[in-house]
Every structure is written in C-alpha cells, then in structure tokens.
Amino acid sequence: MRYSFLSILANGLNGQSGWKPAWRDAAPKPSYDVVIVGGGGHGLATAYYLAKVHGIHNVAVIEKGYIGSGNAGRNTTIIRSNYLLPGNEPFYEWSMKLWEGLEQELNYNAMVSQRGILNLYHSDAQRDAYARRGNAMRLAGADSELLDKRQVRAMYPFLDFDNARFPIQGGLLQRRAGTARHDAVVWGYARAADTLGVDIVQNCEVTGFLREGGNIVGVETTRGAIRAGKVALAVAGSSSRVAEKAGLRLPIESHVLQAFVSEGLKPVIDGVITFGAGHFYISQSDKGGLVFGGDIDGYNSYAQRGNLPVIEDVAEGGMALMPRIGRLRLLRMWGGIMDMSMDGSPIIDRAPVPGLYLNAGWCYGGFKATPASGWCFAHLIARDEPHAVAGAYRLDRFRSGHLIDEKGVGAQPNLH
Ligand SMILES: Cc1cc2nc3c(=O)[nH]c(=O)nc-3n(C[C@H](O)[C@H](O)[C@H](O)COP(=O)(O)OP(=O)(O)OC[C@H]3O[C@@H](n4cnc5c(N)ncnc54)[C@H](O)[C@@H]3O)c2cc1C
C-alpha cells in the first residue's frame, strides 16, 4: 500500500480499517541468496538496496530482538557530512544526498530535517583546523560556512561567549546537516525492503556459522539453520562477538555511549550545536526535549546502559556551553553499544573467510551513514567489489597502516 493523502483520506472515511502491517513477520526459510545478520538501520538499508538496485530479492534480515532495538533506535539522530579526509568525505556526502531523497524513495516520513549543524571553535588553532575542514568539504561537493563570533551570536545568543576557559570565537556551519527520526528510518527501510520481497525475521539470534570446506555457507540460529549464498554482518556493537564465531578477531572494541533527553520546552534550539572544547552536542526534538550527549564510557562493555561519571562529564560540557541548561530537569537517558574501530572509521569489506561480508566499526557516527552504508554494502555483496565512495574502508588497512585517522569521528586512544 502506498502512503499518500488519498490513502489517509480513504482510511479516515472507512474507520481506519484498511491499514496493513508495515512489514510481514516472516518465518525463516531454509535458504536464501543473502542472509544479513542485524536488523538495525544498516542491515535493513543493505537489504533494501540489494533488492532495489541489484535485483537480489531472495534476502533475509535476521535480528535477535526487534528491528531498531540496537543503536538505530538509540542514537541522537544527527546527520551530517562535515568530514575532512578523502577516505571519508565522499562517502558521507553521498549519504547526505541519499538522506535528501529518502522519504520520497521509501514513501515514508522519516522526519529528515536539514536544520544545520554548527561546530563551535574556541581558539585560533581550532578556527584554522575548521577552515581546512570546510575547504575539504567544499572540494568534495558538500556545503560549509566558517562563521565568526558575531554571526554565531546572531544565531544562538544564549551561548556563553565569554566563558573564561572556553570563549566562543565562531563556528563551522553545515546548513544541509540536521536530524532524522531514527525509528522511522528503520521502519521506512523495513517496509520498503519487505515490499520488494525481503524476509525480516525478528527474535532470531545468530549463534554460529555453517561451513563447508573453508567457506561460510549459512548461519545457525535460535530458530534453526539457514543456508545462504552469502552471509553479511551488520551487527554494530556486537561485531566482535559475532565475528568471533567465524574465527575472526576484529580491530574493534565495544564501548557504551549514552544519550540524554530533558523535559519538554518551547522551541529554543533550532539546529544542532557542538561544543569544540570538550565533547558535548545538543539539539531539540520535535516533541520539545533537549537531546544531548558526549563521550563514550571509558571501559569496554556490551551492556546497553551507562554509568554516572559520563553523566557528570556531559553535564559539565553543557554548563560550559549554555549555563541556563542547569535549570532543566533530565527526563530520560539510555545507552547503546558502539563498535569502536581503531582509527574511528568503518569497515565495509569482504572478510578473510570466503562467503562472509563485514559492515562494522561505525563508532558513534553510524546513523548518518545508514543510507550510504546500505548502498555500498549492497554493492559489495552483489558485485564482489567495493563501491567507489567506500574504497578506503578495507579491513587490511589495520595491518598495512593505511589508517583513516580522522579526529572527531570516534576513536581516541585515551578512551581505549
Ligand atoms: C547514544 C547514541 C547516540 C548516537 N548518536 C549518533 C548520532 O547523533 N549520529 C550518528 O550518525 N550516529 C550516532 N550514533 C551511532 C549510530 O547509532 C550507530 O553507529 C548505528 O546505528 C549502527 O548501525 P545499525 O543501525 O545497523 O546498528 P544497530 O541498530 O545496533 O543494529 C545491529 C543489530 O544487530 C543485532 N544483533 C546483534 N547480534 C546479533 C546476533 N547474534 N544475531 C542477530 N542479530 C544480532 C542487534 O540486536 C541490533 O539490532 C549513536 C549511538 C548511540 C548509542
């Protein structure tokens, strides 16, 4: 069923009796051309593009809980393409372009809101680094503007410009960046993939791999064995644990990242703001809550909940940036498991074991990557060669030393 003004009108007139479930609750079949492990945004987007772009419809997405129960439904919803390095910027800009057409493509309201992101700078050296990043973005076709203090003050007069330790000098603005409703992105991809014949199998945990000779030819699950021409992992924070079952040790550590939401307010912040002298970022949801976060918890964990020291650290960042946040009450907080790679950049590659494909290492930046990750992973699975904008995301870079070491994308040695 296509969602449209007419379908809303028709169902309004017939007592809302014509709506169908947005996707089928599929039972696993004995075999598929491709089995994707992980029903987050990346797994579902990969399934959608495999069917839509490459004509591979005999696909299952296997999810141990319910779709979106991982990081896809836990993130702070920021989308942007303000990266510096040539290995990253074209990929994230491609993702931004896919976001811009996503709702029409999926026929689903993912609440993509290009409200802009402002990265504040607090020193001359930081301004120069942001100028460089902005120029690199423009060379890759993205938009960026370097603002001075007067321009930032006109946008957000309530920030603490004269903070004794971290005075705000200006900011790097990407107007096309913004937010998207994370659950709706999951549901939109699930519905669109299901329409193209993809089976979405929930409450089904992958517990091992089927092997023939040295090849992986399927998965063992809590609902029985499933054979597959190709098996693709998109399990984010569980990457190291699931890959271990295939005998792989990935250059990934899992850490918790927490997010926070305040009580609802009238509109006060109409974009996304990041503090440049610590790690704190903030936006306002359409319901009115201020949504904010900061650093990962500093120890390894597979728990989907965090601890108090980071809450204090994040609150300090918020107070340094906008002191009036101190009058707010915190309403909710939660945690997700981050797949921290050792250079802060992802892996989209064939695994060293034939038949297995890897999508991992998203650190705390994988939501914005969802469309391009799905697009490029589907390309790799279908054609057995990397997509042009994801060519740098090879697993063997950690052996050869060709790291994509971009500050601000995730990995920081002192947190590992
Ligand atoms: C608090 C927080 C804030 C964040 N903020 C942002 C942000 O503002 N912008 C941004 O770009 N990114 C952000 N991120 C990061 C982003 O959410 C992730 O990088 C991204 O969602 C990861 O990809 P995914 O959606 O496919 O992962 P997930 O949704 O985690 O999907 C992986 C799925 O695999 C399933 N799985 C695991 N093991 C198995 C198994 N054995 N069998 C079957 N299924 C399995 C899990 O249940 C899970 O549903 C944030 C993350 C968190 C936690």
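How many residues of domain 1 are in contact with domain 2? The count is 21 residues of domain 1, touching 21 residues of domain 2, where contact means heavy atoms within 4.5 Å.

Some ground rules before I go on. This is a predicted model, in which local features need pLDDT of at least 70 and side-chain atom pairs count only at pLDDT 80 or more, while totals for chains, interfaces and linings use all residues. Residues are numbered from 1 along each chain as its sequence is written, and side-chain values use heavy atoms, with hydrogens and water left out.

Now the domains. Domain 1 takes in 25–77, 182–251 and 343–400; domain 2 is made of 113–178 and 253–341. These bounds come from an automatic or database domain assignment. The C-alpha centres of the two domains are 30 Å apart.

Next, the interface. The two domains bury about 1700 Å² between them, with 51% of it on carbon and sulfur atoms. Buried area here is the accessible area, taken with a 1.4 Å probe, that two parts lose on being put together, summed over both. On the domain 1 side, the residues losing the most area to domain 2 are R74, T76 and Y364, together 41% of what that side buries.

What about polar pairing? Between domain 1 and domain 2 there are zero salt bridges, a salt bridge being a side-chain nitrogen of Lys or Arg within 4 Å of a carboxyl oxygen of Asp or Glu. Twelve residue pairs across that interface are in polar contact, both residues at pLDDT 80 or more. A polar contact is a pair of N or O atoms within 3.5 Å; within protein, one must be able to donate a hydrogen and the other to accept it, and residues adjacent in sequence count only if both atoms are side-chain atoms.

On to the ligand. It has 38 residues around it, and E63, N71, A72, T76 and K368 come nearest; the cut-off for being near is a heavy atom within 4 Å. E63 places a polar side-chain atom 2.6 Å from a ligand oxygen. For A72, a backbone N or O atom is 2.7 Å from an oxygen atom of the ligand. The side chain of T76 has an N or O atom 2.8 Å from a ligand oxygen.

Last, the structure as a whole: the search finds 19 salt bridges. One of these pairs R24 with D194, at 3.0 Å from N to O. R24 lies in the loop between α1 (5–13) and β1 (31–37) and D194 in helix α6 (residues 182–195), so this pair ties together parts 170 residues apart in sequence. Helices are DSSP runs of H or I with at least four residues, strands are runs of E with at least two, and both are numbered from the N terminus.
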